[in-house]
Amino acid sequence: MKYSIFLSLFFTLAFTMSFAQPKPIDKVVAQVGDNIVLFSEIEGQIHSMKQNGVPEADIDKCQILEQMLYNFLLVNQAELDSIQISDEQVDAEMENRLRMIEGQMKNVKDDKGNPITIESFYGKTKLQIKEEFRSTIKKRLQGQEVERGITSAIDVSPLDVEKFYSSIPKDSLPYINSQLSFQQIAVFPMITKNDKELAFKQISDIRKQIIAGKTTFCAAASFYSEDPGSAKMCGRIEATRNQMVRPFEATAYSLKVGEISEVFETEFGYHFMQLIERKGDDYIVNHILIAAKFSLDNLDAASKRMELCHKELKEGKITWEDAVKIYSNDANTKENKGYITNPITGEIKWSVEQVNQVDPMMFQLTDGLELNQITSPLLYYDFNERKEAIRIVRVAERTKPHVGNLTDDYNLFRMMALEQKRQQAIANWTKSKISSAYIRIDDSFKECVFENQWVAKAP
């Protein structure tokens, strides 16, 4: 069995969307310490895997049970070690899980065609749902801490990577599709004090219209707000403590229900909000965002700056590295020679699919470029900074599809070697802890062939 690094089944099982799934007669099928595994949890996980497109032939209930036994072995050790998890950690993890599930349920409808929400599905408020699963989430986080202690100090040397690579049969080496690395020089036009004052006046006027009853908050948010995620929903945002930037959160907690805040500033622009509901750390607000816009003069200045940069690069008067240092004001790439980090992997290499997923315009701009050839300066929208900039882009590397090798794909094989070493450490830890834990498995699973001997064989 290949252990995930604490791929917890706990919370996923609890939120399996088994709308038409008949409930099985439940019973305890396994136990580790004081923690039990129910038959319904196994069935729920199987149903969830099917919903996510896993072929039935690839689903093994024995593997599912073994993963759950491992999870509870971690939890059992956490209890013995008295590992403490704060309420804030539990709340943050709970909120992340709820957002993930809400995303999955976004297009799910009932028999009458009405949207199904978490609240309507369970017949409970979010607060009640959180209270019900608080203990489960806490156990999950405790188990993660134990697993982190098992694997955190593990590393691999270049020699380890070479040995791992050599151990792979030649006909089993992975096939690597074409990968690309991009660099950019980006200039964000200057936002002046006057630009900010204009934005402040605009949002203040919108607030006055709402206060005077000349328009509703919903209508104003839909028409004026520059937050695309909430504007179409009357500016509605549901959040919990430590989820939003500090000025936003501080304002939300300072209001009474129904009260409209004064205008305040964050890194994204100017806002004001109305508190709709607050229960403990959770709150719901309607809000409007207006960001300061650069003037045409400042856009023209940025454009001329980039035209000069482009001219010097084309004429060979300046190196790419020096151009990045002199011209770029993009904090995300300036200190890294302009390399654009792939947010999916955290590396500078991208597959074509990843480029099209994150920045489709990038592939269109660079598909016909030779290595180190640069684009003309072009206006683009930076999704990280949520504002427009002008950039020059070049392709720093473009690999051809190939069989994986240490020269071109060292980092890939390093990650694989590291994962193998971590899995071995987890397997060794598991074997060492089984003998000292109380473990019971129901006879209905006696035919399972597990990776570990969870219970002693009968003499």
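Two strands are taken to pair if DSSP finds at least two bridges between them. Helices (H or I, at least four residues) and strands (E, at least two) are DSSP runs, numbered from the N terminus. The structure is a predicted model, in which local features need pLDDT of at least 70 and side-chain atom pairs count only at pLDDT 80 or more, whereas totals for chains, interfaces and linings use all residues. Residues are numbered from 1 along each chain as its sequence is written, and side-chain values use heavy atoms, with hydrogens and water left out.

Strand S7 (residues 269-279) and S8 run antiparallel and are joined by 9 bridges. Within this pairing, Phe-272 has Ile-288 of S8 as its bridge partner, and Leu-275 is bridged to Val-285 of S8. The two strands form a hairpin with 2 residues between them, and Gly-280 in the turn has a positive phi of about 60°. Strand S6 (residues 264-266) also pairs with S7 in the antiparallel sense, over 3 bridges, with Thr-266 opposite Gly-269 in S7. A hairpin through 2 residues joins S6 to S7. S8 pairs with S5 as well, in the antiparallel sense over 4 bridges, and Arg-236 stands opposite Asn-286 in S8.

The largest pocket holds about 930 Å³ of space. Of the 30 residues that line this pocket, Glu-102, Gly-229, Met-233, Arg-236 and Glu-238 are the closest to its centre. A pocket is here an open set of points on a 1 Å grid over the protein atoms alone, where a 1.4 Å probe fits, with protein on both sides within 12 Å along at least five of seven lines; lining residues have an atom within 4 Å of a point. The volume is the space filled by probe spheres set on the points, which are joined across faces, edges and corners. At least two lining residues each come from helix H4 (87-104), helix H5 (118-122), helix H10 (228-231), strand S5 (236-239) and strand S8 (282-290). H4 supplies the largest share, 4 residues. The lining divides into 11 nonpolar, 8 polar and 11 charged residues (Ala, Val, Leu, Ile, Met, Phe, Trp, Tyr, Cys and Pro count as nonpolar, Asp, Glu, Lys and Arg as charged, and the others, Gly among them, as polar).
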